[in-house]
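Some notes on this entry follow, point by point. Please read them with the structure open.

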Amino acid sequence: WFQMMSQFAAVLVAGVIGVGLAQLMDGAALTQWGWRIAMAFGVLVIPVGMVLRSTLPETLHHASHEATETDPEPDMASDAGPRESLARTAVVGFVMLLSATIGTYVLTFMTTYAQTELGLSPGAAFGATIVVGISGMASAVVGGLLADRRGRRPVMISSLAAGTVLILPGFWLMTTLPSLMLFYAIIFVIRFLTHIAAT
């Protein structure tokens with residue numbers, strides 16, 4: 001879960017940079033050229049990545065060290081035939097991929113939605129990225145702990161289903177009861193639930 005947590009730490013930093021830029025320049029300047037400043041900050045990670053990669057040992061796989069790990073969880077389709085098992089796996093995989101994709105696209109465009117549809121300022125809208133980063137970091141820890149205790153499949157399926165179902169009611173609440181704190185709360189919950197499955 002630490003690796004997933006670090007990804008959303010980067011999202012959090014991106015949100016902080018966005019909010020900072022929104023405070024320093026108006027919306028027109030931010031749209032025309034200010035976004036390039038944020039991209040420039042992103043380039044700074046390249047030397048760090050190159051240094052880290054140069055110090056990592058090669059992960060060579062030798063036949064003498066390979067071991068087959070057994071999944072402690074029961075196979076969800078152990079009693080079904082090969083075709084039924086394959087079909088069930090394909091359907092469940094498709095639904096989970098669909099749910100995760102919906103959640104990702106919704107949250108990716110929340111900054112734009114907040115400005116164009118909810119009328120929020122750029123600074124408040126970029127705050128959504130900060131909320132997504134915090135929520136993703138928290139869900140990485142909680143999701144890892146729940147998966148260890150409850151099993152991967154139940155946690156993954158239930159969290160994705162709940163997060164997907166809550167998207168439409170969440171948008172209804174945002175437009176019916178416009179509030180910055182409610183906006184952030186809905187984003188936090190949707191990201192938290194949909195990201196638990198990825199942990």
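1. Running from the N terminus, the order of elements is α-α-α-α-α-α-α-α-α. The model, which is predicted, thus has a secondary structure of nine helices and zero strands.

2. On the chain as a whole: the protein has 199 residues, and 29% of them count as buried. Its accessible surface is about 13000 Å², with carbon and sulfur atoms supplying 70% of that area. Among contacts with a separation of 6 or more, 80% are between residues 24 or more positions apart.

3. Helix α1 covers residues 2-24, 23 residues in total. At 1.5 Å a residue the helix should span 33 Å, and the distance between its end C-alpha atoms is 33 Å, so the two values agree.

4. Which residues of α1 are buried? They are Met 4, Phe 8, Gly 15, Gly 18, Leu 21 and Ala 22. The packing partners of these buried residues are α2 (27-43), α6 (122-150) and α9 (180-196). As background, an α-helix has 3.6 residues a turn, so residues three or four places apart point the same way.

5. A nonpolar patch lies on the surface, made up of Val 43, Val 45, Ile 46, Val 48, Met 50 and Leu 52. Together these residues have about 580 Å² of accessible area. Helix α3 (residues 45-55) gives the largest share of the patch, five residues.

Technical notes
Residues are numbered from 1 along each chain as its sequence is written. This is a predicted model: local features need pLDDT of at least 70, side-chain atom pairs count only at pLDDT 80 or more; totals for chains, interfaces and linings use all residues. Side-chain values use heavy atoms; hydrogens and water are left out. Patches are made of residues with over 30% relative accessible area and no salt bridge: like charges are joined within 9 Å, nonpolar side chains (Val, Leu, Ile, Met, Phe, Trp, Tyr) within 5 Å. Accessible areas come from the Shrake-Rupley method with a 1.4 Å probe; for residues, only the protein chains shown count as cover. A salt bridge is a side-chain nitrogen of Lys or Arg within 4 Å of a carboxyl oxygen of Asp or Glu. Helices (H or I, at least four residues) and strands (E, at least two) are DSSP runs, numbered from the N terminus. Buried means under 20% relative accessible area, exposed over 50%, partly exposed in between (1.4 Å probe, protein chains only). Contact means heavy atoms within 4.5 Å. The expected span of a helix is 1.5 Å times one less than its number of residues.
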